[in-house]
Amino acid sequence: MTSFAKDLLAWFQEHGRKGLPWQSSPPDIYHVWLSEIMLQQTQVNTVIDYFNNFIINFPSVVELANADEEEVLTSWAGLGYYSRARNLHKSAKIILSEYQGIFPTSYSELITLPGVGESTAGAILSLACNQPRAILDGNVKRALSRYHRVAGYYSDSKTLKELWRLAKYHTPSEQNADYAQAIMDLGATICVHRNPLCSRCPVSRHCKANLCNDQSSFPQKKIRTIRPEKSLAFLVYRNIKGHIYLAKRPNRGIWSGLWSFSECEDNETAISAAIKEHNLEASIVSLLPKFKHSFTHYHLWIRPIIINSPGLEKDYHNINKLGLGVPAPVKKIISMLDSLNPAESNE
Ligand code: SF4
């Protein structure tokens, strides 16, 4: 066992994160898989409530496989990166049809499931099955690149290859569940992005970046490109009962398959044309404050416009009994709407 792994394991016994809802004894691979997918783009504190809610709604992989995609997206709504939810659902169906509902525990089978990459497969098998598999998520990349002073961008295949080599080199042949959790905890809680806590780090003695005092040079930073900004008006049609109009978005593009308001370019001509097209009798009643929602590649400015409309009941929904998967900005507008005029939406 390398000294890195030994020091990390000793530290983990006292300082590692324990008692997270997906850490049971013995581990439940369904829970571990679910948490790893949720944690791919999201921090532990945010994931906990979503995870608890998800397993109430879908207690097993078979129940997840038999659910409607709409139900799955509704449970996921607010976590973002919705392709993860769709991949979970697809994977559950594969596990039910090809593995009789029993979660595969071999690397070659696991890696074929949608949304499961090399590092996620490694994490699942280490954490749930104690198999000696390497992990290389963002936190581990950062810790290893500092510990070994690995130069280069993560997007360069040469750098990535070297980090995988090191991740495999340090992976011990025993105590793999603990080691996997420990190395992820190291990156998430000690070797953090800004101001790593080297004085409390269990591997600081041999960490090259710490010895050279150039921790902040690793990982090598790319020059940040400025994200472009776009603007949209969200047309929040409300009927006399206070119910709101929502339409299901197409299965491609942003928020695919989720429910959202009508939208158009944020200018007067486009807004009045869109309102007329929806219903000639509709009229603007108020403008809510504009807000920014950021995606990886751009910022979206959203202007919510509240419009009274004598609309068709079938397309209008009671905001207190929604039960639909809606993206985060729609959720935000609904809560603004609720506080704006709670009495009207209670029917
Ligand atoms: S000593 Fe500092 S830089 Fe090195 S691994 Fe630990 S926290 Fe990261």
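**Burial, domains and ligand shell in a predicted model**

Q: What share of the 347 residues in the chain is made up of buried residues?
A: In this predicted model, buried residues make up 34% of the 347 residues in the chain. To be counted in that share, a residue needs 20 or more other C-beta atoms within 10 Å of its own.

Q: What makes up the secondary structure of the chain, and what box do its C-alpha atoms fill?
A: The chain comes to 14 helices and 9 strands, and its C-alpha atoms, taken along the principal axes, fill a box of roughly 75 × 50 × 35 Å. Of the contacts with a separation of 6 or more, 68% join residues 24 or more positions apart.

Q: Why is helix H8 said to be largely enclosed by the rest of the structure?
A: Helix H8 is described in this way because 10 of its 12 residues are buried. These are Ser119, Thr120, Ala121, Gly122, Ala123, Ile124, Leu125, Ser126, Leu127 and Ala128, and what covers them includes helix H2 (29–39), helix H7 (107–110) and helix H11 (176–190).

Q: How do you know that the span of helix H8 (residues 118–129) agrees with what its 12 residues should give?
A: At 1.5 Å a residue, the 12 residues of H8 should span 16 Å, and the end C-alpha atoms are 16 Å apart, so the two values agree.

Q: What makes H2 largely enclosed by the rest of the structure?
A: In H2, 9 of the 11 residues are buried, and the helix is therefore largely enclosed. Its buried residues are Tyr30, Val32, Trp33, Leu34, Ser35, Glu36, Ile37, Met38 and Leu39, while the elements covering them include helix H3 (44–57), helix H4 (61–66), helix H6 (83–99) and H8.

Q: Why is Arg149 called partly exposed?
A: Arg149 has 16 other C-beta atoms within 10 Å, a count that falls between the 12 that would still mean exposed and the 20 that would mean buried, and so Arg149 is partly exposed. Arg149 also takes a positive phi of about 50 degrees although it is not a glycine, and its place is in the loop between H9 and helix H10 (157–170).

Q: Which peptide bond to Pro26 is cis, and where does Pro26 lie?
A: The cis bond joins Ser25 and Pro26, with omega at about -5 degrees, and Pro26 belongs to the loop between helix H1 (3–15) and H2. A cis peptide bond also leads from Phe218 to Pro219, with omega near -5 degrees, and Pro219 lies in the loop between H12 and strand E1 (229–238).

Q: How far apart are the C-alpha centres of domain 1 and domain 2?
A: The two centres lie 36 Å apart. The contact takes 9 residues from domain 1 and 10 residues from domain 2, and the side of domain 1 that touches domain 2 has 4 nonpolar, 3 polar and 2 charged residues.

Q: Which of the 15 residues around the ligand come nearest, and which helix gives the most to the shell?
A: Cys191, Cys198, Cys201, Cys207 and Asn210 come nearest, whereas helix H9 gives the most, with 3 residues. Helix H9 (138–147) and helix H12 (208–212) each supply at least two residues of this shell, whose residues divide into 11 nonpolar, 3 polar and 1 charged.

Methods: Residues are numbered from 1 along each chain as its sequence is written. This is a predicted model: local features need pLDDT of at least 70, side-chain atom pairs count only at pLDDT 80 or more; totals for chains, interfaces and linings use all residues. A residue is near a molecule or strand if its C-beta atom, placed from the backbone, lies within 6 Å of it. Helices (H or I, at least four residues) and strands (E, at least two) are DSSP runs, numbered from the N terminus. Ala, Val, Leu, Ile, Met, Phe, Trp, Tyr, Cys and Pro count as nonpolar, Asp, Glu, Lys and Arg as charged, and the others, Gly among them, as polar. Two residues are in contact if their C-beta atoms, placed from the backbone, lie within 7 Å. The expected span of a helix is 1.5 Å times one less than its number of residues. Domain bounds come from an automatic or database domain assignment.
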